[in-house]
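Let's take a friendly walk through a protein chain together. Keep the picture open beside you as you read.

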Amino acid sequence: MAKCFFLSLILKKDPAANSNIMEFVTIANTGNVTDFGDLTQARIFPTSFESSTRGIFAGGKTPTLSDTIDYITMASAGDATDFGNLTDARDNGQGASNSI
């Protein structure tokens with residue numbers, strides 16, 4: 001079942017209002033977003049990468065630049081897990097996904 005994930009923090013323009021909230025909707029259904037869990041670090045403007053099983057969120061602002069990388073397993077709700085660090089702290093990168 002396809003899901004669309006939202007990081008509430010992406011929608012905020014004020015870096016002082018960072019959030020670690022992750023939410024999702026199931027594409028096949030109508031309705032409101034559902035809480036998925038929390039990122040390991042509250043931040044805005046992370047880059048995201050997805051496959052059919054895993055989502056990765058990297059970098060962002062806290063309001064300083066972040067080098068944090070988190071991952072989630074899309075099949076089950078829960079908090080993100082620390083995946084490591086970027087070589088340089090950055091934000092607003094370009095994301096990617098695939099259907100494999």
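## A buried arginine and its partner

At 0% relative accessibility, Arg-43 counts as buried, because the cut-off for that word is under 20%. Keep in mind as you look that this is a predicted model. Which residue does Arg-43 form a salt bridge with? The partner is Asp-70, and the closest N and O atoms of the two are 3.3 Å apart. This pair links distant parts of the chain: Arg-43 sits in the loop between S3 and strand S4 (47–50), while Asp-70 belongs to strand S6, 27 residues apart. Asp-70 is buried as well, with a relative accessible area of 0%.

## The salt bridges

Why might such side chains end up as partners? Side chains of opposite charge can pair when their charged atoms come close. In this structure there are 3 salt bridges, listed here.

| Salt bridge | Closest N and O atoms |
|---|---|
| Arg-43 and Asp-70 | 3.3 Å |
| Asp-91 and Lys-61 | 3.7 Å |
| Asp-88 and Arg-90 | 3.4 Å |

Take the pair of Asp-91 and Lys-61, whose closest N and O atoms are 3.7 Å apart. Is Asp-91 buried or exposed? With 19% relative accessibility, Asp-91 counts as buried, because the limit is under 20%. Lys-61, on the other hand, is partly exposed, at a relative accessible area of 27%.

In the salt bridge between Asp-88 and Arg-90, Asp-88 is partly exposed at 46% relative accessibility. Arg-90 is also partly exposed, with a relative accessible area of 40%.

## The chain as a whole

Now step back from the side chains. How many helices and strands does the chain have? The count is 0 helices and 8 strands, which gives the pattern β-β-β-β-β-β-β-β when read along the sequence. The chain has 100 residues, and 32% of them count as buried. Its accessible surface comes to about 5,900 Å², with 52% belonging to carbon and sulfur atoms. Among contacts with a separation of 6 or more, 43% are between residues 24 or more positions apart.

Next, look for the aromatic rings. The structure holds 2 aromatic pairs. One of them joins Phe-24 and Phe-36 in an edge-to-face arrangement, 5.8 Å centre to centre and with 90° between the planes. Phe-24 lies in strand S2 (residues 21–26) and Phe-36 in strand S3 (residues 34–38), so this pair ties together parts that are 12 residues apart in sequence. Both Phe-24 and Phe-36 are buried.

Tyr-71 and Phe-83 form an aromatic pair too, again edge-to-face, at 5.6 Å centre to centre with 75° between the planes. Here Tyr-71 comes from strand S6 (residues 68–73) and Phe-83 from strand S7 (residues 81–85), 12 residues apart. Phe-83 is partly exposed, having a relative accessible area of 43%. Tyr-71 has another neighbour to look for: Arg-54 lies over the face of its ring, 3.9 Å from the ring centre.

## The nonpolar core

The largest nonpolar core has 10 residues in all: Phe-5, Leu-7, Met-22, Phe-24, Phe-36, Leu-39, Phe-57, Ile-72, Met-74 and Ala-80. Strands S1 (3–7) and S2 each supply at least two residues of this core. What does Phe-5 touch, leaving aside its neighbours within four places in sequence? Phe-5 is in contact with Glu-23, Phe-24, Phe-36, Ile-72 and Met-74.

## Two threonines to compare

Finally, find two threonines. Thr-64 sits in the loop between strand S5 (54–58) and S6, where it is exposed, with a relative accessible area of 55%. Its C-alpha atom is separated by 9.6 Å from that of Asp-91, which is 27 residues apart from it along the chain.

Thr-68 has its place in strand S6 and is buried, with a relative accessible area of 12%. Leaving aside neighbours within four places in sequence, Thr-68 is in contact with several residues, including Thr-40, Arg-43, Phe-57 and Asn-85.

Notes
Residues are numbered from 1 along each chain as its sequence is written. This is a predicted model: local features need pLDDT of at least 70, side-chain atom pairs count only at pLDDT 80 or more; totals for chains, interfaces and linings use all residues. Side-chain values use heavy atoms; hydrogens and water are left out. Rings of Phe, Tyr and Trp (its six-membered ring) pair if their centres lie within 6.5 Å; planes under 30 degrees apart count as stacked, over 60 as edge-to-face and the rest as tilted. Helices (H or I, at least four residues) and strands (E, at least two) are DSSP runs, numbered from the N terminus. Buried means under 20% relative accessible area, exposed over 50%, partly exposed in between (1.4 Å probe, protein chains only). A charge sits over a ring if NZ of Lys or CZ of Arg is within 6 Å of the ring centre and within 35 degrees of the ring normal. A nonpolar core is a set of buried Ala, Val, Leu, Ile, Met, Phe, Trp, Tyr and Cys residues joined through side-chain atoms within 4.5 Å. Contact means heavy atoms within 4.5 Å. Accessible areas come from the Shrake-Rupley method with a 1.4 Å probe; for residues, only the protein chains shown count as cover. A salt bridge is a side-chain nitrogen of Lys or Arg within 4 Å of a carboxyl oxygen of Asp or Glu.
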